Amino acid sequence: MAKLRYVQWLNKSPSVLSTQDGRNIEIWEFNYQNNNAVLSEWATHFRNMYCSDSEIDTLRTSLVSRKDFLLNEKFPDSGRGGAKIRSGDFAELLIPDLLEYLEDYWVPRTRYDRKTRRNTSTFGCDVIAMKQIDPSKPSSKDVILVVEVKAQFNQNKKISISPRLQDAVDDSKMDPIRRGESLLAMKARFIDRGDNASVKKIGRFQEISNYPCVEQYGAAACFTDNKFDIKKISSTDASSYPQNNSLRLLVIRGKNMMDFANALYERAANEA
C-alpha cells in the first residue's frame with residue numbers, strides 16, 4: 001500500500017495521558033510543513049474524497065469552473081454556515097489516513113462523495129476501519145474498529161475549550177447500533193461503483209454473529225494547539241462506556257489547524 005507522504009507529519013507522542021477512570025489517551029502531534037509536492041499529493045487525495053477527478057466534469061455544468069464547483073457545491077463552506085462542518089470533515093478524513101497508512105487498516109471512503117448537503121454532517125459512524133487476516137476466509141483475529149471523531153479548531157480565545165474527547169466518548173456509545181447501518185451504506189456504495197472485492201470485504205464484517213472477530217471502538221478528538229487543554233482532556237470519564245474493555249482514545253494536536261484546513265480545501269479546489 002503506497003503511503004501518502006503527509007502522514008510522516010503525524011507522530012505519536014511518547015507521553016500518554018490518563019482519563020479519570022484510568023484509561024490511556026494516545027497523543028498524536030501533527031507537525032505539518034510547507035512542502036508543495038507533499039501538500040499537492042494530499043490535496044488530490046482529499047479532493048477525491050468529495051468528488052472523484054474522473055467524475056467532476058460530468059457533475060459540474062459548463063458554466064461553472066472545477067474550482068467553483070468544489071468550493072460552492074461540494075466542500076463545506078468556510079464561513080459561519082459551514083466552518084464547523086469543515087473542521088469536522090477535516091478531522092474525520094485525518095483519522096482514516098492515520099489508521100490506513102500508519103496502522104495498515106483498510107478504511108472504506110464512502111461518506112463524502114455523495115453528500116446531498118455540503119454544510120451538514122453525514123449520518124452514521126464517522127470512521128470504520130478493518131483488518132482481515134486472510135481475504136479468502138473469516139478469522140477470529142480479524143479486526144473491526146469504529147471511531148467517533150470530534151474537532152475543535154476555532155482559534156477565538158473568547159470561545160471556551162469544549163470537552164471534545166468526552167463528547168466523542170459519549171457519542172461513541174451509539175456506534176454499536178449505527179455500525180450495521182453504516183456497513184450497509186458502505187456496501188451499497190461499493191455495489192454502485194461495481195467494486196465487488198470491497199463488497200465482499202464489507203460482507204465479512206456483517207457476519208460477526210456467525211464469524212466472530214475482534215470488535216473495537218474508539219473516540220478521537222482533534223485540537224488546534226491553543227485549544228489543547230491537558231486538564232480538560234484528562235477529565236474525560238469513560239467508566240460508563242458499554243463496551244468497557246474495547247475503547248481506544250486518541251487525540252491529535254497541531255498548530256493553527258483551522259487555517260491549515262482552509263488552505264488545504266483551497267489547494268484542493270485550485271489544483272482540480
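Helix α4 gives the largest share of the lining of the largest pocket, 7 residues. Helices here are DSSP runs of H or I with at least four residues, strands are runs of E with at least two, and both are numbered from the N terminus. Keep in mind that this is a predicted model, where local features need pLDDT of at least 70 and side-chain atom pairs 80 or more, while totals for chains, interfaces and linings use all residues. Residues are numbered from 1 along each chain as its sequence is written, and side-chain values use heavy atoms, with hydrogens and water left out.

So what is in that pocket? About 720 Å³ of space, counted as the space filled by probe spheres set on grid points joined across faces, edges and corners. A pocket is an open set of points on a 1 Å grid over the protein atoms alone, where a 1.4 Å probe fits, with protein on both sides within 12 Å along at least five of seven lines; lining residues have an atom within 4 Å of a point. There are 29 lining residues, and K84, S87, G88, A151 and R164 are the closest to the centre. Besides α4, the elements giving two or more residues are β4 (143-152), α5 (164-172) and α9.

Now, α4 (residues 83-103) also packs on α9 (residues 257-270), at about 85° with the axes 10 Å apart; axes are lines fitted to C-alpha atoms over the stretch in contact, and angles run from 0 to 180 degrees between N-to-C directions. The two are therefore roughly perpendicular, the word for 65 to 115 degrees. Among the residues that meet are F90 and L94 in α4, and F260 and L264 in α9, with contact meaning heavy atoms within 4.5 Å.

Key:
Angles under 35 degrees count as roughly parallel, over 145 as roughly antiparallel, 65 to 115 as roughly perpendicular and the rest as oblique.
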